[in-house]
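Here's a quick tour of the structure, going chain by chain and then to the place where the chains meet. Have the viewer open as you read.

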Amino acid sequence: MTEYLQEKVHVQNYIRMQFPSCSANESFARVAVASFVAQLDPTLEELTELKTAVSEAVTNAIIHGYENSFGEIRIECSLYDQTVKITIEDDGVGIEDVDMARQPLYTSRPELERSGMGLTIMESFVDRMEIQSEPGQGTRVTLVKSMGGQKTSQRPS
Amino acid sequence: MSLQTTTISGVLVARLQGELDHHAVEKIREDIEQTVQQEGINRLVLSFANIHFMDSSGIGLVLGRLRTIQALGGKMALCEVQNSLQKIFEMSGILKVLKLFPSEQEAIEYVRGE
């Protein structure tokens, strides 16, 4: 999985999409990813977890990255073996302190009735989550999850 | 339609529909808040019978309504949460502050204090 994060493996299939930061696209993004990933024959639970994680990431790009103004969100979803890697990228304001943002219940926008659970949920619904962010430049979230019941942790390392 | 509301014995029953994401909850929140204020109700049941997907926006919606109802001195409960939402409910801690019932009727009776 580390090799996959470092892009040292050949992907077998991928999709790329880009769309404006409107909230109507949240459901489009998670459904598109889920239907692409269906070829790995995931369990319903794995698919729900992946959809939830994608939904959180896209919502974060819209609310926090672009602060509800117009911007572009890019998603790349690639498959290798039984593993999916998804990057969700925006050119928004970025995150000053990623470690603080990852704390459960932390929210930068308490007035918006956010639960502060988004990153915590993403992290627990995938096998690996990486956040790269540069204030003023944007944020890239990478999610990696093995599907089809073959958990990476059960494989010999 | 993402929400159907009905008042039963002084209890506002909000039956949520569809997928509870950031896009959907904004309208639902407004609708529930408006109905609560217009009808002067402080007892609320949120039914999840028709919700098969929810992200953390749904958690925000539930906890936000709890704040509203508590500020009005009322009572609130949840009912019919589907299995697919179980994990997110557990993670959220919602069930530490709100009671969940298998049926709408039981939830209504609970918030009426019966």
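In chain A, what percentage of the contacts with a separation of 6 or more comes from residues 24 or more positions apart? For this predicted model, the figure is 70%.

**Chain A**

Chain A has 157 residues, and 39% of them count as buried. Its secondary structure comes to five helices and five strands. Reading from the N terminus, the order of elements is α-β-α-α-β-β-α-α-β-β.

Helix 2 (residues 25-37) and helix 3 (residues 44-65) of chain A cross at roughly 145°, and their axes come within 9 Å. The crossing of helix 2 of chain A with helix 3 of chain A is right-handed. On the helix 2 side of chain A, the residues making the contact are Asn25(A), Glu26(A), Ala29(A), Arg30(A), Val33(A), Ala34(A) and Val37(A). They meet a set in helix 3 of chain A that includes Leu47(A), Leu50(A), Val54(A) and Val58(A). Sorted by class, this contact has eight nonpolar, three polar and three charged residues.

**The sheet in chain B**

Chain B holds an open sheet of five strands, in the order 1-2-3-4-5 and with mixed pairing. Strand 1 (3-8) and strand 5 (99-101) of chain B are the edges, each pairing on one side only. From one strand to the next, the twist averages 25°.

| Strand pair (chain B) | Bridges | Direction |
|---|---|---|
| strand 1 and strand 2 (residues 11-20) | six bridges | antiparallel |
| strand 3 (residues 43-54) and strand 4 | five bridges | parallel |

To place these pairings on the model, find Ile8(B), which stands opposite Val11(B) in strand 2 of chain B.

Is strand 4 of chain B largely enclosed or largely open? Four of the five residues in strand 4 (residues 75-79) of chain B are buried, so the rest of the structure largely encloses this strand.

**Helices 1 and 2 of chain B**

The axes of helix 1 and helix 2 of chain B are 9 Å apart, and the two helices pack at an angle of about 15°. Because of that angle, helix 1 of chain B is roughly parallel to helix 2 of chain B. Helix 1 of chain B passes helix 2 of chain B in a right-handed crossing.

Among the helix 1 residues of chain B in this contact are Val25(B), Ile28(B), Ile32(B) and Val36(B). The helix 2 side of chain B includes Gly58(B), Gly60(B), Leu61(B) and Gly64(B). The contact between these helices of chain B divides into five nonpolar, six polar and three charged residues.

**Where the chains meet**

Finally, the interface: 16 residues of chain B are in contact with 18 residues of chain A. On the chain B side, helix 1 (22-39), helix 2 (56-71) and helix 3 (86-92) each supply at least two residues. Which of the helices of chain B gives the largest share? Helix 2 of chain B does, with six residues. By class, the side of chain B that touches chain A has five nonpolar, eight polar and three charged residues.

Technical notes:
Residues are numbered from 1 along each chain as its sequence is written. Chains are lettered from A and ligands numbered from 1 in the order in which they are written. This is a predicted model: local features need pLDDT of at least 70, side-chain atom pairs count only at pLDDT 80 or more; totals for chains, interfaces and linings use all residues. Two residues are in contact if their C-beta atoms, placed from the backbone, lie within 7 Å. Ala, Val, Leu, Ile, Met, Phe, Trp, Tyr, Cys and Pro count as nonpolar, Asp, Glu, Lys and Arg as charged, and the others, Gly among them, as polar. Axes are lines fitted to C-alpha atoms, for helices over the stretch in contact, and angles run from 0 to 180 degrees between N-to-C directions. Angles under 35 degrees count as roughly parallel, over 145 as roughly antiparallel, 65 to 115 as roughly perpendicular and the rest as oblique. A crossing is left-handed if the near helix is turned anticlockwise from the far one by less than a right angle, and right-handed if clockwise. A residue is buried if 20 or more other C-beta atoms lie within 10 Å of its own, exposed if 12 or fewer, and partly exposed in between; C-beta atoms are placed from the backbone. Two strands pair if DSSP finds at least two bridges between them.
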